[in-house]
Amino acid sequence: MSTGLRATGVGGCICARHELVRPLGIGDLMKGERYSNMDYIFWASILYVTLLWIMLSYDVGCQWRVHLLDRKPLLPDVLQHDESEGRPAPSVRVGLPVWHGGAHVEKCATEHSLRYKTGAAMTDGEGIERVWSRLNPKAMATKEMHQDGRHENIEEAIDAHNFDKCMGLGVLLDKRLEVSLEELEVQIRSHGEATSSLEEGVQDEWTASLHKWHAEEDMPSLDRKAANPYVSTWERESLSKKTIEADLEEEEKAEQEKEAAAEAEADADADADASVTTKKKKTRRNARKSATVLLTMGADIRSRQLRITSMLKARVKLSGTETDRVQARRRTVLRSVQKFRELQAIHMPNVSELLAKDPNPTGEPILAENIKLWMPSDVPAQDRDTFVKPYLVRMETLLQREQCSNALLKMRLKLHAKNHIIRFRDKNVSGQKRSSRARTLIDRVSDQVDFFAAQYRCAQGALASLVGSGGVGEFRVLTQEDISSKFVEDHNAKAARRLARISGRESRLRPAVADAEDADNYGAEARGGSKRKLSWIWTAAGTPDASTQEYLYESVRVEWCKSWARCQRWGEEVKLLKVEMERVITTLLWLASQWRLRSEEDLPGSEELKAGRRAYALRQAHWLDAVREQFEARWKLAAARRAAGASATQSGDPPATAGGKRRHDQVA
């Protein structure tokens with residue numbers, strides 16, 4: 001297909017911050033995207049500027065950068081830098097674009113992604129793709145043109161693109177700054193909450209590892225000695241699809257054995273009750289049982305009830321055998337409730353009044369999973385002194401805290417397993433049969449996540465009932481948005497969508513996914529993690545002990561480090577935007593002054609020609625002054641609006657707006 005063609009395509013180099021095509025930044029590709037072509041285009045694009053260092057984004061930058069400086073001497077002399085001539089070679093730092101970085105392995109992506117590069121701010125590095133989306137229509141139009149006409153046509157399209165981008169800087173920088181200030185505040189607050197739960201000394205250790213890693217950021221990968229803080233040291237190979245399936249089968253087997261033991265115990269108690277006819281002996285036997293047995297039995301029954309509810313709501317359709325298991329579990333719960341009531345009558349003698357107040361208005365039998373146990377946490381606070389002894393409240397409080405912690409731990413591990421399977425499916429599974437099997441496995445793990453989430457909500461609700469919402473400590477109310485793992489990025493969040501729309505990149509950030517449920521695991525921000533907040537579930541119970549829970553400890557550490565990186569990038573974005581605004585104004589002033597100087601030049605020609613030149617130069621200066629004044633007016637108005645909003649927030653009043661509804665496109 002490329003035989004006899006002068007060019008098979010074009011390569012380009014643009015400003016990653018504002019998406020302006022660089023001078024000499026577009027070149028023909030003779031035979032695909034070869035390093036020699038891209039080297040030439042890159043070094044030509046910085047030929048007439050003097051820079052100390054450059055941050056470069058390229059989708060294969062991790063490989064292209066390796067011998068970049070070694071290949072430079074092979075280029076023409078005009079592209080070489082000579083310090084004796086005042087043209088020192090800049091230091092080049094290469095990173096991966098945010099969206100393309102997701103195609104790289106995790107170690108490479110975290111090492112080279114712009115999200116973890118100091119000074120990259122919130123630059124996504126995908127601007128060149130958006131430039132191609134505008135220039136692509138020219139491909140067919142210029143395919144059969146002569147070389148000169150083709151170049152001229154493409155050049156005009158680039159000039160129009162750059163002009164539009166320059167004229168849009170006033171709106172672009174204003175909106176970016178507005179979003180960045182808001183998101184910086186959110187990320188700082190989120191990172192502060194995560195840090196507050198760390199044990200003493202852990203934060204200093206993790207921060208030191210971050211500084212050590214970034215101190216070697218410009219070194220070749222093989223020469224680095226610091227460990228990558230954004231990658232877990234846990235051996236991920238031990239987590240495989242077969243391992244997860246085996247764990248699920250083992251859990252189900254243990255649950256069945258537990259049910260069988262409970263049924264056997266219930267049958268034995270029933271036989272004993274038949275042989276003991278006197279109520280006095282039965283009461284004496286129950287009296288020997290402690291209050292701890294009452295509470296643990298109640299917690300076990302609640303767990304069984306939640307398991308039944310989870311099975312009925314499962315994504316995977318119940319088979320005939322599983323339906324029989326549901327009925328068997330219901331019978332087990334009913335027998336356990338009977339024993340629970342006998343023991344409850346000893347420690348809560350007035351519980352019969354509560355049971356009488358809880359009639360069944362429909363007259364239909366109550367399903368086992370819907371039976372209310374009337375544990376101390378179920379009793380209304382105003383009636384607790386009447387029906388519950390104080391020691392039961394204290395004991396259940398300790399029990400529910402343990403239940404919350406255990407449910408969170410198991411939910412975290414299941415989230416990791418789910419996301420591992422999703423990534424494995426996306427990279428290795430194809431075809432309807434294999435995809436369906438992978439989907440079934442994902443659904444099974446998702447059901448487990450839902451069960452432990454329900455278990456946590458039940459325990460947290462009981463804890464809040466006992467000690468009040470202010471006494472639950474780190475165990476907050478669990479929402480669906482909180483159930484997110486280290487791979488889940490909230491690229492659907494408001495801040496991400498707003499920032500995406502500013503540069504017209506929303507469609508690039510929201511690729512199509514196979515399942516709506518898996519949508520939170522994808523997208524450009526899913527690769528880079530810029531907008532998401534660290535979910536509190538990963539640090540709620542404090543930092544786990546590394547010796548006993550190495551995997552979970554590493555997960556918390558990596559998430560905390562990424563949260564730190566997000567704060568750094570958003571802070572850099574705010575600083576860069578403010579500097580860029582200043583430089584835009586300075587540049588417009590300088591350009592206007594240059595045109596005024598040209599208007600005073602005494603060039604050869606007739607008086608009419610001189611007058612025309614002077615009029616044109618003054619018109620250009622006037623036009624540049626008008627653009628500058630428009631930008632300044634817009635930015636001052638936005639700054640005043642933000643200041644008014646900040647003062648109103650401190651005073652508790654709603655921020656005032658000038659002229660009713662605020663419009664992003666108006667200038668005072």
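**Close-up views of a predicted model**

View 1. Glu156 is found in helix α8, which spans residues 147-167; helices (H or I, at least four residues) and strands (E, at least two) are DSSP runs, numbered from the N terminus. With a relative accessibility of 49%, Glu156 counts as partly exposed, where buried means under 20% relative accessible area, exposed over 50% and partly exposed in between, with a 1.4 Å probe and protein chains only. Together with Asp148, Glu152, Glu155 and Asp159, Glu156 forms a negative surface patch. Patches are made of residues with over 30% relative accessible area and no salt bridge, like charges being joined within 9 Å and nonpolar side chains (Val, Leu, Ile, Met, Phe, Trp, Tyr) within 5 Å; a salt bridge is a side-chain nitrogen of Lys or Arg within 4 Å of a carboxyl oxygen of Asp or Glu.

The structure is a predicted model, in which local features need pLDDT of at least 70 and side-chain atom pairs count only at pLDDT 80 or more, whereas totals for chains, interfaces and linings use all residues. Residues are numbered from 1 along each chain as its sequence is written, and side-chain values use heavy atoms, with hydrogens and water left out.

**View 2. Helix α6 and its cover.** The buried residues of α6 are Gly127, Ile128, Arg130, Val131, Trp132 and Leu135. Their cover includes the strands β1 and β2 as well as α7 (137-141) and α8.

**View 3. Two loop residues with positive phi.** Glu19 lies in the loop between β1 (9-14) and β2 (21-29), and its phi is near 65°, a positive value in a residue other than glycine. A relative accessibility of 2% is why Glu19 counts as buried. Ala121, placed in the loop between α5 (106-112) and α6 (127-135), likewise has a positive phi, near 55°, and is not a glycine; Ala121 is buried, with a relative accessible area of 0%.

**View 4. Gln455 in helix α18.** Gln455 lies in helix α18, which covers residues 432-467, and counts as buried because its relative accessibility is 12%. When neighbours within four places in sequence are left aside, Gln455 is in contact (heavy atoms within 4.5 Å) with Ser303, Leu306 and Ala407.

**View 5. Ile346 and Leu294.** Ile346 is placed in helix α14 (residues 320-347) and, at 27% relative accessibility, counts as partly exposed. The C-alpha atoms of Ile346 and Leu294 are separated by 9.7 Å, while the two residues are 52 residues apart along the chain.

Key. Areas by Shrake-Rupley, 256 points an atom, 1.4 Å probe, with all protein chains shown as cover. Lys, Arg positive; Asp, Glu negative; His and termini not counted. Charge placed at Lys NZ, Arg CZ, Asp CG, Glu CD.
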